[in-house]
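Welcome! Let us take a walk through this structure together, one stop at a time.

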Amino acid sequence: MADVKPVKAGWFNVFRPWTLHGAVVPVLIGGAAAYHDGEFCWWIFLMVLVCGCLLQSAANILNTYGDFVKGTDTVENETRSPELVTGTLSPEKVLWAGLACLGIVALCGLVFIWYIGWGILAFGIVGLAGAGLYTVGASYKYHGLGQIGVFVLMGILMPLGTYYVMSGDLSWEVLLMSLPNAFTITAVLSGNETRDYHEDKKAHVGTLSSHMSYENSMRLYLFENTVGFVILALLIVTEVLPWMCALAFITLYDLYILYANSRLAPSDPGNSRLLVPMAFRLNWHFGVLLVIGYLIAYYIF
């Protein structure tokens, strides 16, 4: 990937803080529903938000470690995660940083158990396993399960877990409201896999996208970025969600730009590099506007 703009090696790149909205939006969805139902606790919400960001950080850090250990990241393709292949950081320090993030979440989990009961333990175990085993241990990324993992863990279970830790209950409304965001956050990983498609094929990395043609990988990317709008429209028409949630349709402009970029990505490395940040932008804008619309509907109108 010599034609891809390299990043600056260091802890900032290992943590990838610009990806954290992938954890913030699901927590906002669960928190907004809890607020509407009168089950909201600010300090618990903030703890859940921090834990969500720590889980995302752990996944980012351990992904760097796991890809290096398995030989996926090499000097020849060091543009994305150069820390270990260039010796800027040691594998041991990166591994322990990721484990430290998981450890802090586990300690916070004890507070959640005290606050709401043992039921939250199931969410905690699944969340820790999902973040920790992405490319380490079970390494489900290499078995084509990365996108499925993101959809279920971040898209569905994180909003439900947020709602549960504040209410002690589950909510069909939270489940349904989380579906559009679940697809848009999964599209970010789909963009990552499509961007790295040819490199992953050479390295025999078994991502979901690598099991299909490049063209179908791009179609999956576009589908995941688009279908959330269809689901949201159905939820509004059927009155599952208030009509003000249609505020999220403003991001159709982001989708238009994303589509235009995707047409150039197969032949232009610069446009290919934008597959991920454009999906990130769509996910962030869509999720925040969805939550804002939901809260406006109940507290202004």
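Is tyrosine 134 buried or exposed? Tyrosine 134 counts as buried, because its relative accessibility is 12% (buried means under 20% relative accessible area, exposed over 50% and partly exposed in between, with a 1.4 Å probe and protein chains only). Before we go on, please keep in mind that this is a predicted model, in which local features need pLDDT of at least 70, side-chain atom pairs count only at pLDDT 80 or more, and totals for chains, interfaces and linings use all residues. Residues are numbered from 1 along each chain as its sequence is written, and side-chain values use heavy atoms, with hydrogens and water left out.

Now for the rings. The structure holds 17 aromatic pairs; rings of Phe, Tyr and Trp (its six-membered ring) pair if their centres lie within 6.5 Å, and planes under 30 degrees apart count as stacked, over 60 as edge-to-face and the rest as tilted. Tyrosine 35 and phenylalanine 40 are edge-to-face, because their ring planes stand at 80°, with the centres 5.4 Å apart. Tyrosine 35 itself is partly exposed, at 38% relative accessibility. Tyrosine 134 also has a partner, tyrosine 140: this pair is edge-to-face, with 70° between the planes and 5.5 Å from centre to centre. Tyrosine 140 is buried, its relative accessible area being 16%. Back at Tyr35, ring pairs link this residue with Phe40, Trp42 and Phe45 into a cluster.

What about the cysteines? A search of the whole structure finds zero disulfides, a disulfide being a pair of cysteine sulfur atoms within 2.5 Å. For cysteine 51, the closest cysteine sulfur is that of cysteine 108, and at 3.7 Å it is too far for a bond. Cysteine 51 is buried, at 5% relative accessibility. Cysteine 53 is in no disulfide either, as the nearest cysteine sulfur, in cysteine 51, is 9.4 Å away. Cysteine 53 is buried too, with a relative accessible area of 18%.

Our last stop is a pair of helices (DSSP runs of H or I, at least four residues, numbered from the N terminus). Helix α5, residues 91-116, packs with helix α6, residues 120-132, at an angle of about 170°, and their axes are 9 Å apart. That makes the two helices, α5 and α6, roughly antiparallel (angles over 145 degrees count as such; axes are lines fitted to C-alpha atoms over the stretch in contact, and angles run from 0 to 180 degrees between N-to-C directions). Where they meet, α5 brings residues including Leu102, Phe112 and Ile116, and α6 brings residues including Ile120 and Leu128, with contact meaning heavy atoms within 4.5 Å.

Conventions: Parallel < 35°, antiparallel > 145°, perpendicular 65-115°, else oblique.
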